[in-house]
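Subject: Structure handover

Hi,

Here is the structure I said I would pass on. Please open it first, then read my notes below.

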Amino acid sequence: MEEILTKSLTEIVEGIKNGTYTSTQVTQACIQQIEKTKEYNTLNHTNFEDALRQANEIDERIAQGNTNGLLLGAPIVVKDNMCTYVLPTTCSSKILENFVAPYEATVVSKLRAEGAVILGKANMDEFAMGSSNETSAYGKVLNPCNTSRVPGGSSGGSAACVCAHQCFGALGTDTGGSIRQPASFCGVVGLKPTYGEVSRRGVVAFASSLDQVGPMAKNVADTALLFDAIRGYDAKDSTSSNHKRTPTAGKFLKTLKGLRIGLVKEIFEQPMNDDVRQALEKAISFYKLSGVEFVDVSIPNIAQAIDMYYILSSAEAASNLARFDGIKYGRRAPEAKTVEDIYTLSRSQGFGDEVKRRIMLGNYVLSSGYFDAYYKKATLCQEVLKQQFAKAFEMCDALITPTSPTVAFPFGSKATPLEMYLSDIYTVPVNIFGGPAISFPCGKGENNMPIGLQLIGNYFEEQTLLQLAEFYEREAK
Amino acid sequence: MNIVSKEDVLHIAKLSKLQLTPTEQEAMQQSLNEVLTHIQALENIPTHNTECKNKTFGTLRADVVENSMPQQSILQNAPKQEGGAFAVPKVVE
Amino acid sequence: MEYDIVIGLETHVELATQTKVFCGCKNQFGGAPNTHCCEVCTGMPGALPTINEKAVEFTVKAGLATHCTIHNEFYFERKNYFYPDLAKAYQISQLVVPICANGYVEIPTANGTKKVRIHEIHLEEDSGKLIHTPMGSLIDYNRAGVPLVETVTEPDMHSAEEAISYLNTLKSIYKYIGISECKMEQGALRCDVNISLKPKGAKQLGNRTEMKNINSFKAIERAICYEIERQKGLLEQGKPVVQETLRWDDALGQNFPMRSKEDAQDYRYFREPDLLPIKITNKQLSAWKESLPKLPAEKKAEYMQAYALPEYDAGLLSQSKTLSTFFDACVQTYNNPKALSNFILNELNKKRNAELVEDEDAPIAITPAHFAKLVELYQTGEIAQAGARQLLDVLYETDQDPTPLVESMGLKQQNNADELESIVQDIIHQNPNAVADYQGGNKRALAFFVGQVMKATKGKANAGLVNQIITKLLG
């Protein structure tokens, strides 16, 4: 593989700034890699001409002496649920085929402001609903570590892209684990920021109160850099948080002494494959030896987070996806003769099975007569869980869990939707509670597949998580 | 145990503007029942004394006009348009 | 069988803010379709709402002006349903915690003042517009997202007259506090009418119907009368009144069940997750309260008490904000409210007739100080009525200080008794028959003499003086 592709994001930006590489060179290398490894099916849309045009513009800028930008000249991929000019935004759904957004997501504008080259739109589970990237209308994504296995989801394309060295970083979204789980399945780093840390404007909503955009990259330092580039208050996103942010890149620790990690007793009570359990225990030993204090904490209802999640996320999704009605954009069933037909036929033809399931579940739990028992109950349970997390964080700086109970599973191996949902058991509680979490590689498991370790932090404590992860990455053998 | 009946499936499909084949209806009923059965676990969490304490309030936007999107952009993905408007079959009020 | 009529009204009023309620697009009536739009108000994927501060302020003011309790912590909810003019397939509205609740307005009726209770006032967004053509329907989202204040009354009205009186009162209040122009012709004020009948004196309310699509106050009157008769007819035949939504067709003078509302809608309300709840501080609330002008009812009372104006006049002056502001300013310059009131209501408003039809609050193009001066000149006898009218015409065209015009237009009233007497003497000598007529008992002949004197003086004689002189000379 070309030498350029083995570099990290941090190294490539450094290299472009000091003239070792040009953005055009780097972008060209990525393009070639994408063509070479197109079987992974990581990208829904590309426009290489436009990518090279962007790279050229940056090279010209550099020639004038302007080397500003955290991501100067680096090709980055964004998930196909983030609005971009030029490239379509389809959320891997037939209902949005050919949709070209007339505006750009805030995070995409930020990437470009930092000098990134937007390389392509990553494949994903349809409307971000899924944990295996098997529900995409553009076909499944293959895990570059082992092509008979899933890359994870819903940001499967983003994770696989990074893993296959097709780009130097990617943006994903995480509603129930959709950044962290594919990161762990593909052996890359993925960070879900605190809810409100990064703007959601221009990101097609799945569950508005749970969705967050986050970085995925080859290592922790890269992840921090990409995180710094996209985070910030956005006045056009009323849920984004307006507080002082200090950059996280490069702020790494010499020692972990003084930090405390919590072991959630209820997590260890969950079924976990042996290879995953071993990797977790090894990681815990490493941190102990590095001076981290471990405390036992209890989050009694952490295992019910998944039930809260399916009620809340489906309800919001059912409402958010109602706008896909064949009237203003997207697919309109050609045979529709009445408005009613336009709605029903376009949506029935345009949505895949998993999306229909979630919409039905969502409308059920919101419907008259069921609202109190399901939706209202779920919001109250969410409050209970938040209080339990708050109590746990009084005693520690981070919680440690595996990202997933298994390594990447083979295609088609989940028998029922529920079985698929239950594989999110460690990631979902984080979205319900709203805090940040990172997944990073911590060894190999069954079939030599990567295992991901998850660290969960208190609100806006991404810095701590990045530091703990980076230390492990640097020092653990 | 069937939490969701066949009629429920039809009613919710109508609310969702989805048309399901009989096979799809059956599969939907099955998966909904499976998930809703699992969700019953929430009944065991006591919440009668729980109040959603609100700690964060939002901010308001100043009433100052911002540039609108050009009509062309608004319509650029329209399946059918006419005279600057989105066109649909006759709507009966 | 006698029936009690029970009416409740839901009005939607478009707020006169610069921008829409959840995005920064212009809030303006008309314009080429889809030219005041963005990703937010057209429901594009990824779009997010932001709350217009002025819309909140205006909603709070609506509540303050109608004696409501203001919920200073509130949030928005999604009302989910499919319709082509609803871009997101949900409307951002309020349900559980409306901004205002439990208020009232006092309305004038034939039997005196009556209280109509207001259940709640909340803020929500308007939908786009459907334009129907023979070929199909067209959708324009310019109106989508315009802020609406929905005011819901308790079922406290019992006749079409009371309903119209309520609507006029509400309209006048909302215009007064400047939150809306309330132009019904532009769809800025819409009203849905809920009517039910019950046997006279019965406790249990009957089934109510909801009527929509009524586009003027006159049509509302017609619609209410029709529906009362229709329900009476059914009840008299022992048939039930179906609880349904009806569409009023003013051209045909009847209503029809609305097709789109046939199946009971399940709106699946839940908290809007894209918007955080809002808190209005006490400081902010006080500031908004302070900035409210006195309301029409207060103004009317003030004019009756402080200026001893008759109720009718006080009512007319206070109903329009433009007029009451103008009147107040005039009184500041020339402290003769009675004279000012008369001249405004009798002369000025006649001139404004054409504009008033278009807009009850049409601006007055004359500076209050100038107008007040005019009235003063007339009141003190400097100019006669004809002169005053002439001056008004001029000022209406071109606003200016009327004082120099008295001289330049030669309008100075003839007040010199001796000169006038000599003119009267002349006329008496020239008209012996009229004198005989007058002295013979026809007192109306006086008008003839006055007329002649006016003619001779080109309208500048002081009418009062002339009267006195003639009566003195002729008896």
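**A residue in chain C**

Start with Phe326(C), which sits in helix H7 (residues 321–333) of chain C. Helices (H or I, at least four residues) and strands (E, at least two) are DSSP runs, numbered from the N terminus.

Before going on, two notes on the source. This is a predicted model: local features need pLDDT of at least 70, side-chain atom pairs count only at pLDDT 80 or more, and totals for chains, interfaces and linings use all residues. Residues are numbered from 1 along each chain as its sequence is written, chains are lettered from A and ligands numbered from 1 in the order in which they are written, and side-chain values use heavy atoms, with hydrogens and water left out.

Is Phe326(C) buried or exposed? Phe326(C) counts as buried, at 5% relative accessibility. Buried means under 20% relative accessible area, exposed over 50%, and partly exposed in between (1.4 Å probe, protein chains only).

Contact means heavy atoms within 4.5 Å. Setting aside neighbours within four places in sequence, Phe326(C) touches several residues by that rule, including Ile344(C), Leu348(C), Ile364(C) and Phe371(C). Ile99(C) is 227 residues from Phe326(C) in sequence, and their C-alpha atoms are 33 Å apart in space.

**Domains of chain C**

Chain C is split into domain 1 (3–284), domain 2 (294–408) and domain 3 (417–474). These bounds come from an automatic or database domain assignment. From domain 2 to domain 3 of chain C, the C-alpha centres are 32 Å apart.

**Salt bridges**

Side chains of opposite charge can pair when their charged atoms come close. A salt bridge here is a side-chain nitrogen of Lys or Arg within 4 Å of a carboxyl oxygen of Asp or Glu.

Look at Lys175(C) and Asp361(C). Their side chains form a salt bridge, 3.2 Å from N to O. Lys175(C) is in helix H2 (residues 160–176) of chain C, and Asp361(C) is in the loop between helix H9 (353–358) and helix H10 (368–379) of chain C, so the pair ties together parts that are 186 residues apart in sequence. Lys175(C) is buried at 14% relative accessibility. Asp361(C) is buried at 16%.

Lys212(C) and Glu210(C) also pair, with the closest N and O atoms 3.6 Å apart. Both are buried.

In chain A, Glu104(A) bridges to Arg112(A) at 2.7 Å between the closest N and O atoms. Glu104(A) is buried at 8% relative accessibility. Arg112(A) is partly exposed at 40%. Glu197(A), Asp228(A), Arg231(A) and Arg245(A) are joined in a salt-bridge network.

Best wishes
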